[in-house]
Structures are given as structure tokens and as C-alpha cells.
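Please read it alongside the sequence and the structure shown here.

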Amino acid sequence: MTRVIEALRAALGTGAVLIGADIGPRHRSDMSMTGRHLPKALIRPRNTDEVAAALKICDTYGQSVVPQGGLTGLAGGANAGPDDIALSLDLLSGIEELDAEAATLTVLAGTPLERAQMAASEQGFLLPLDLGSRGSAQVGGNLATNAGGNRVIRYGMARAQVLGLEAVLADGTVLSSLNKMLKNNAGFDLKQLFIGSEGTLGIITRVVFRLRPLPRSTSTAFCALPSFEAVLALLRRAETDLGGPSAFEVMWPDFYRFVSGHKMTGAQPLRPDHPFYVLIEHQGNDAANDPARFQSLLEAALEEGVLLDAVIAQTEKEAQSFWKVREGYALDTLPEIVNFDVSLAVGRIGAFAEDCRARLAARWPDGQFFFYGHIGDSNLHITTSVSYAAGEGMHDVDEIVYACVRDFAGSVSAEHGIGTLKRDYLSYSRSAAEIDVMRRLKAALDPKGILNPGKVI
């Protein structure tokens with residue numbers, strides 16, 4: 001047993017520091033399934049003081065530490081190597097306070113997102129941050145990757161929903177700024193250093209979320225449109241007439257045909273021969289009038305030719321069936337899939353999709369390429385399924401897609417962060433000067449480079 005593990009066990013207790021088979025295979029990789037090794041040890045701190053004690057010891061010994069939350073990421077950001085110690089936040093979980101007057105929720109970083117959402121809902125509030133992995137994703141990881149999800153168009157990314165947080169630096173310093181105020185300009189906004197930094201600058205241990213009123217009405221429709229220009233016209237009309245949709249999900253026709261025709265989906269809201277499809281949702285607080293306003297929007301769009309067809313969900317079950325189409329789980333049945341989560345200026349997404357598809361098809365004429373995404377918040381998803389020739393692999397697909405993103409001045413990561421899988425392409429979306437400043441920040445806050453080494457930069 002190494003001296004660092006002995007020191008950690010002395011500080012935290014034997015049961016909080018696991019090695020060998022006691023670690024368990026779950027801690028090998030995030031959902032990218034690219035992790036290949038169990039860490040040298042797994043630390044399971046129970047509170048902020050134990051996180052601080054563990055990091056102080058690891059910093060003293062120059063021991064690398066990889067923070068792990070719910071392990072739902074897709075960029076390899078939580079994968080540990082055989083010489084790393086993984087620090088799990090599983091035990092650092094719970095709701096600490098819901099302040100109804102301030103409309104804030106204070107939670108520990110290891111709390112599953114869904115548990116935080118339920119705590120808010122039970123008191124009549126909405127925690128807008130929402131992801132498909134809400135049941136297992138932890139709020140600390142959500143902040144570390146600046147998670148987005150379906151409702152960014154209305155409420156913004158994770159960083160827009162955080163008023164305060166607590167983080168532990170590499171040397172064990174606890175930086176606690178559990179601010180509840182919407183306005184606080186007393187110096188640098190230090191919390192933003194840690195949100196989106198993927199555990200490379202510090203480990204988040206607590207968060208203060210800003211809550212919103214729980215919506216009193218939800219209207220959902222599945223729409224068919226003649227062109228991407230019509231998609232943008234519907235989005236702008238929804239922003240004007242409704243004050244903005246709470247979700248605006250766009251699907252290209254090949255995506256819709258494959259997913260809606262698959263037995264896993266079990267729903268086909270509209271015919272499969274339209275050029276574009278949109279799932280639009282509006283949540284409001286005027287239950288008496290919101291549904292009528294929503295219907296009027298769609299009727300006007302139909303009259304103007306912006307819509308070809310539309311169906312409004314009449315029940316919650318029907319709305320869920322619409323969302324089941326958009327979630328696209330049937331894509332997981334395809335062989336050799338590679339998923340992308342990129343962002344571009346909204347007006348350029350249509351042209352990007354055409355160009356990217358053409359580049360991919362030129363390389364793999366028999367491949368399948370699916371485009372879909374949130375669009376209103378500039379986020380496009382791409383799923384590819386190709387048969388590789390000898391010597392080819394997913395990195396060949398990466399190079400084509402990310403080169404196209406670079407050429408359209410987009411971002412290689414709309415969500416999920418950079419981790420290790422997108423690290424080689426960071427320069428496609430960030431300048432040399434920006435990356436240099438990232439390195440300076442890393443050197444200032446983690447001079448020995450122990451926190452999540454090799455990730456992001």
C-alpha cells in the first residue's frame with residue numbers, strides 16, 4: 001500500500017478509501033464507455049471537510065485525483081487512469097435548504113438532479129435544469145460540465161441557474177460562496193471559474209440554485225414544416241407570440257422516419273414524408289389562456305404556410321409519446337454509432353447540416369447520418385452509423401464532423417464538456433490565446449496539476 005493511501009485512510013477511515021476489487025467496475029468509465037482502467041483507489045468523502053482533507057493529502061504527495069459524479073458524461077471527463085485516485089461524490093448527497101422567500105435551493109454536489117427537481121416541485125417551484133439522465137446525473141457533475149438540456153432556450157445553461165457554490169481547491173482550500181442574491185457584483189464572480197471547468201480547477205461540493213415558479217400550463221405540439229427557413233420562422237413567431245417556447249426540438253426527415261417507424265418508439269404523430277419536424281412546448285402561468293394562445297400560434301403559422309401540418313397533444317400521455325420520438329432511443333440499435341453534440345449560429349444550422357452530411361456521405365456512401373437537436377439554443381445533435389474500412393474508426397468520423405464545425409465557426413462541444421474525447425479538437429473552437437489563458441488559470445489554481453489531469457487542455 002502506498003504512503004498516500006495510508007495517509008488517506010488515516011484521515012478518512014478505511015471504509016472511505018477503497019482499492020482493488022472493492023472499487024467496482026462502475027468507476028472504470030463514464031457513459032462514453034472509453035475508460036479502460038480501474039483507478040488506483042476510490043475515495044468516498046462524506047462532507048466538504050473530508051474532500052478538503054483528501055485533496056490536501058493528494059496535493060502534498062503530488063497524487064492525481066479524478067472527480068466522479070453520476071458518470072453520465074459522454075466525453076471521457078470522469079475516466080480515471082490506473083495511477084489516478086478517483087474521488088466519488090456519491091455520499092455527498094442531500095437537500096440542505098429550500099428558501100421560499102429567496103426562491104433558492106441549496107444542495108450537496110452528489111445529489112441526483114431528479115431529487116433536487118422533486119424537492120423544488122414539492123414546494124411549488126421549478127428547477128429548470130433538466131436532462132434525460134436526471135435520475136442518475138449529479139448536480140456537481142451538471143455544473144462541472146455546464147449542462148444544458150431541453151429547456152435552455154427558456155432558462156439558459158446550468159451556469160445561468162446558479163447563484164452560489166462551494167468548491168475545494170487542489171490544496172484543500174475551501175472556497176465557500178453560497179450566495180442567494182441575484183445581484184452581487186462584489187469583485188470577481190468566482191463560481192464561474194468552476195462551472196464548466198470539468199473538475200480541473202476545483203471540486204464543487206455545494207450549490208445554490210435559483211428556482212422559478214412551477215408552470216400552471218403546458219402545451220405541446222408536433223409539427224411538419226416545408227424548409228429550415230420555416231423552422232426559423234416558427235421559432236421567431238413563438239418567441240414573439242408566446243414570449244418564447246420552453247422547448248423547441250427540430251428533426252430532419254431521416255431521423256423522424258427511422259425513429260418513428262421503430263418498434264422502440266411506438267408513435268408516429270405525423271406522416272413520414274415531410275421535409276422537417278418540430279416538437280414545440282410552451283409552459284406558462286396563465287392556465288386559462290395559454291392553451292388558446294398556443295393554438296392560435298399554430299393556426300396562424302398554418303395559414304401562412306410556415307406549417308404543413310400539426311397535432312397538439314391532448315393528454316400528458318400523448319405529450320410523452322411526442323417526446324419519445326424526439327429522444328430517439330431507437331438510434332442506439334444501429335451499429336457503430338458515434339454521437340455528436342455541437343453548436344452553431346442558429347441561422348447557419350441548416351446549411352451546416354447539408355454540408356456535413358455531404359462530407360460524410362462522400363466518405364461513406366452507405367452510411368446513415370441523422371440530424372436533430374434543440375436548435376433554438378444553437379444546439380445540434382448528429383448520430384452517425386457507418387461500416388468502417390480497414391484502418392478506419394470513430395476518429396475519422398470525428399475529424400470530418402469537427403472540421404465542418406470549425407469551418408462554420410461553431411463549437412465542438414455544446415454540452416458534456418471536452419473531457420478527453422474532444423481535447424484534440426478544442427483549437428477548432430477556441431483561439432490559441434484563449435487556450436493559453438485556460439492553461440494559466442489551471443497553473444494558478446492547481447500548480448501541481450493533480451486535478452483531473454489530461455482533461456480539457
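In this predicted model, A103 is buried, with a relative accessible area of 18%. The residue lies in the loop between β5 (95-99) and β6.

- Most residues other than glycine have a negative phi.
- S378 also has a positive phi, near 80°, and is likewise a residue other than glycine.
- S378 is placed in the loop between β17 (368-373) and β18 (379-385).
- T104 belongs to strand β6, which covers residues 104-108.
- T104 counts as buried because its relative accessible area is 0%, and buried means under 20%.
- Leaving aside residues up to four places away in sequence, T104 touches E97, L98, D99, L163, K180, V208, F209 and L211.

**Overall fold**

- The protein chain contains 13 helices and 18 strands.
- Its radius of gyration is 23 Å, close to the 23 Å that the globule rule gives for 457 residues, so the chain is as compact as a globular protein of that length.
- Along the principal axes, the C-alpha atoms fill a box of roughly 70 × 60 × 45 Å.
- Of the 457 residues in the chain, 54% are buried.
- Contacts between residues at least 6 apart in sequence join residues at least 24 apart in 72% of cases.
- The chain exposes about 19200 Å², and carbon and sulfur atoms supply 51% of this area.

**Strand β4 and its partners**

- Strand β4 spans residues 85-88; I85 and L87 point one way, A86 and S88 point the other way, and all are buried.
- β2 pairs with β4 in the parallel sense over 3 bridges.
- Within this pairing, L42 stands opposite A86 in β4.
- Strand β3 (residues 65-68) also runs parallel to β4 and is joined to it by 4 bridges.
- The bridge partner of V65 in β4 is I85.

**Salt bridges**

- Side chains of opposite charge can pair when their charged atoms come close.
- The model contains 25 salt bridges, counted where a side-chain nitrogen of Lys or Arg is within 4 Å of a carboxyl oxygen of Asp or Glu.
- E239 forms a salt bridge with R236, and the closest N and O atoms are 2.9 Å apart.
- Both E239 and R236 lie in helix α7 (residues 228-242), 3 residues apart, which is about one turn of the helix.
- E239 is partly exposed at a relative accessible area of 32%, and R236 is partly exposed at 40%.
- D254 and R357 meet through their side chains in a salt bridge of 2.5 Å, N to O.
- This pair links distant parts of the chain, with D254 in helix α8 (residues 253-260) and R357 in helix α11 (residues 349-363), 103 residues apart.
- D254 is buried, with a relative accessible area of 16%, whereas R357 counts as partly exposed at 25%.
- D396 and R363 form a further salt bridge through their side chains, at 3.4 Å from N to O.
- Here too the pair links distant parts of the chain: D396 is in helix α12 (residues 394-407) and R363 is in helix α11, 33 residues apart.
- D396 counts as partly exposed at 23% relative accessibility, and R363 counts as partly exposed at 36%.
- A network of salt bridges links D130, R134, R151 and E281.

**Nonpolar surface patch**

- M31, M33 and L74 make a nonpolar surface patch of about 300 Å².
- M33 is found in the loop between β1 (17-18) and β2 (41-43).
- M33 is classed as exposed because its relative accessible area is 52%, and exposed means over 50%.

Note on methods. Residues numbered from 1 in each chain as written. Heavy atoms only, no water. Patch = residues over 30% accessible without salt bridge, like charges linked within 9 Å, V, L, I, M, F, W, Y side chains within 5 Å. Areas by Shrake-Rupley, 256 points an atom, 1.4 Å probe, with all protein chains shown as cover. Helix = DSSP H or I, 4+ residues; strand = E, 2+ residues; numbered from the N terminus. Buried < 20%, exposed > 50% of the residue type's maximum accessible area, 1.4 Å probe, protein only. Rg over C-alpha atoms; globule rule 2.2 N^0.38 Å. Contact = heavy atoms within 4.5 Å. Pairing = 2+ DSSP bridges.
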